[in-house]
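Colleague: I have a model open on my screen and would like to learn how to read it. Could you walk me through it?

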Amino acid sequence: MKGRIIMKGKIQDVALVTSEPISFYGGVDPNTGTLIEKGHELQGKSVKGKILVFPTGKGSTVGSYTLYRMKKSGTAPAGIINRECGTVIAVGAIISEIPCVDLIDISKIKTGDLIRVENEKVSILNPDKK
Amino acid sequence: MYLTKEENSMLKGENGYAVKKSMEILAALGRIYNAEKLIDVGSVQVSGVSYHNLGDAGLEFLEELAKDGKVKVLTTLNPAGMDLENWKNLGISEDFAKKQKLVIKAFEKMGIVTSCTCTPYLIGNLPRYGEHIAWSESSAVTFANSVIGAKTNREGGPSALAAAFVGKTPYYGLHLDENRVPNIHIHIDTSLKKISDFGALGYCIGKKAENKIPYLTGMKEADVDELKSFSASIVTYGSKPLYYIKGITPGYEKYQIPAEKIIIEQKDLQEAYSKINDQVTDIELVCIGCPHCSIKEISQIAQLLNKKQISPKTEFWVASSRAAKQLSDIRGYTKIIERAGGKFACDTCMAVAPLKGRFKSVATTSAKGCYYSRHNKMLTKMGSIKECVDAAVTGKWK
């Protein structure tokens with residue numbers, strides 16, 4: 001799949017997927033990387049080191065700094081794939097240098113898939129998929 | 001997005017780290033929102049100043065940028081997490097103060113006017129009608145777009161900072177005239193009697209006109225303080241950071257009244273009050289100044305507090321810019337307020353100070369203030385300046 005580069009970079013890791021928007025400010029604990037928003041599909045799951053796949057960001061613009069804080073404490077996702085990236089996530093990915101790509105059909109990706117992100121290119125590397 | 005030769009070299013890092021990071025941010029936003037190019041901005045307002053929100057990572061990022069970053073246009077700053085001089089008296093810890101001062105130092109190094117106010121337009125960062133600016137702080141963005149008629153998107157802290165280092169912003173959204181057309185008609189069929197009525201009105205419209213640009217009719221009068229309060233409320237509760245009021249704000253003549261119509265009556269305002277207010281009588285904190293008090297509001301507070309004493313069970317804060325307080329000092333208002341037991345909270349406000357756990361209840365004139373106070377787990381009451389002063393004196397909301 002080909003999308004639009006928000007922050008360039010190459011990364012290969014396991015996907016964590018949600019169909020719900022994510023707010024990093026208040027929605028994720030930056031010290032552990034755990035998603036803490038009540039009632040969220042990924043509540044209690046850790047985004048640390050994952051390729052985090054979600055439709056778009058939401059919430060306060062402070063979320064950009066939260067991502068930066070997570071990167072510095074080693075709790076940030078390894079990469080971000082969005083359907084449509086907004087300001088908060090884009091700025092967060094750029095200042096934290098987390099590879100980020102959007103305009104991807106995220107319904108094709110499942111939690112646990114092995115994903116390679118190479119700038120605007122996203123590949124699913126599972127042995128049973130092509 | 002089209003980039004000039006000069007902008008491309010910024011992107012490559014030929015003008016240092018801060019400019020490179022800034023160009024990366026602006027270029028990415030330009031791509032996301034299909035901007036055709038970057039345009040010059042006249043001034044910038046930067047939010048994301050409170051250490052409470054930034055944390056150590058935010059501080060580190062700002063210090064990194066301050067190493068070689070200098071702003072290219074007039075840039076002012078949003079409130080910090082504390083009064084930079086009077087913090088001890090307001091119960092801020094040594095640790096927090098130390099970190100907050102480092103944040104301010106980094107901004108100073110960048111060449112930013114560390115005004116620490118959400119009302120830059122009252123203290124010297126006043127754009128002209130039609131001027132392109134890059135501001136963050138939603139209430140100031142809304143005031144600038146609507147009451148002044150300048151043009152800005154609702155920036156976040158880092159994207160505003162990026163605009164300051166480059167002197168430009170991507171040309172999209174509310175910078176384009178085609179996106180500034182009002183698309184919902186709000187008719188006010190009731191009288192607005194006190195400043196909190198404007199907050200309640202902002203709540204009603206924000207909820208009913210989510211993500212729309214309202215065109216208001218039926219409003220007879222509004223002063224700058226009331227419009228400042230309305231601007232803060234309407235955007236906090238959901239509409240776009242731009243509105244028009246027939247006969248009051250600039251530019252409404254250019255547009256036809258939109259077809260979709262909502263009427264706001266007295267019962268709607270009452271409903272807004274009932275949603276914003278909690279069931280509470282004992283008031284532990286009274287805070288006026290969200291957005292920051294103007295010198296006119298400070299004079300009203302002083303008049304009401306003259307020869308009165310604030311209840312020992314209640315704290316009374318006047319949140320304002322340092323510039324407004326200096327005028328208040330000269331006029332003797334500060335002395336009157338402090339003699340009554342009130343405190344000034346300059347450079348900071350109830351939305352960004354670390355207040356969680358310190359007060360169980362708050363009374364304020366501001367609908368936005370109530371919204372953020374609930375985040376801080378406080379019960380809220382909203383009313384006029386007089387009702388707030390009365391609550392401070394008696395310790396009770398009537």
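Modeller: Gladly! One idea first: two residues are in contact if their C-beta atoms, placed from the backbone, lie within 7 Å. Please keep in mind that this is a predicted model.

Colleague: Then let me try that on a pair of helices. Which residues of α8(B) meet which residues of α13(B)?

Modeller: From α8(B) come Ala232(B), Ser233(B) and Thr236(B), and they meet Ala367(B), Lys368(B) and Tyr371(B) of α13(B). Sorted by class, this contact has three nonpolar, two polar and one charged residues.

Colleague: And how do the axes of helix α8 and helix α13 of chain B cross?

Modeller: Helix α8 of chain B spans residues 224-236 and helix α13 spans residues 367-375; their axes come within 7 Å and cross at roughly 45°. Angles from 65 to 115 degrees would count as roughly perpendicular, and those under 35 degrees as roughly parallel. α8(B) and α13(B) are therefore oblique to each other.

Colleague: Let's zoom out. How many helices and strands does chain B have?

Modeller: Chain B has 14 helices and 15 strands. Its radius of gyration is 21 Å, close to the 21 Å that the globule rule gives for 398 residues, so chain B is as compact as a globular protein of that length. Along the principal axes, the C-alpha atoms of chain B fill a box of roughly 65 × 55 × 35 Å.

Colleague: What share of the residues in chain B is buried?

Modeller: Buried residues account for 55% of the 398 in chain B. Also, of the contacts in chain B with a separation of 6 or more, 79% are between residues 24 or more positions apart.

Colleague: Which domains does the assignment give for chain B?

Modeller: It gives domain 1 (5-177), domain 2 (181-275) and domain 3 (277-394). In chain B, the C-alpha centres of domain 1 and domain 3 lie 27 Å apart. Between these two, 22 residues of domain 1 are in contact with 19 residues of domain 3. The side of domain 1 that touches domain 3 has ten nonpolar, eleven polar and one charged residues.

Colleague: Now the chains. How many residues does the contact take from chain B and from chain A?

Modeller: An interface's size is often given as the accessible area lost when the parts come together. Here we can count residues: 19 from chain B and 16 from chain A. On the chain B side, α2 (17-32), α3 (51-66) and α6 (157-166) each supply at least two residues. By class, that side has eight nonpolar, seven polar and four charged residues.

Key: Residues are numbered from 1 along each chain as its sequence is written. Chains are lettered from A and ligands numbered from 1 in the order in which they are written. This is a predicted model: local features need pLDDT of at least 70, side-chain atom pairs count only at pLDDT 80 or more; totals for chains, interfaces and linings use all residues. Domain bounds come from an automatic or database domain assignment. Ala, Val, Leu, Ile, Met, Phe, Trp, Tyr, Cys and Pro count as nonpolar, Asp, Glu, Lys and Arg as charged, and the others, Gly among them, as polar. Helices (H or I, at least four residues) and strands (E, at least two) are DSSP runs, numbered from the N terminus. The radius of gyration is taken over C-alpha atoms; the globule rule is 2.2 Å times the number of residues to the power 0.38. A residue is buried if 20 or more other C-beta atoms lie within 10 Å of its own, exposed if 12 or fewer, and partly exposed in between; C-beta atoms are placed from the backbone. Axes are lines fitted to C-alpha atoms, for helices over the stretch in contact, and angles run from 0 to 180 degrees between N-to-C directions. Angles under 35 degrees count as roughly parallel, over 145 as roughly antiparallel, 65 to 115 as roughly perpendicular and the rest as oblique.
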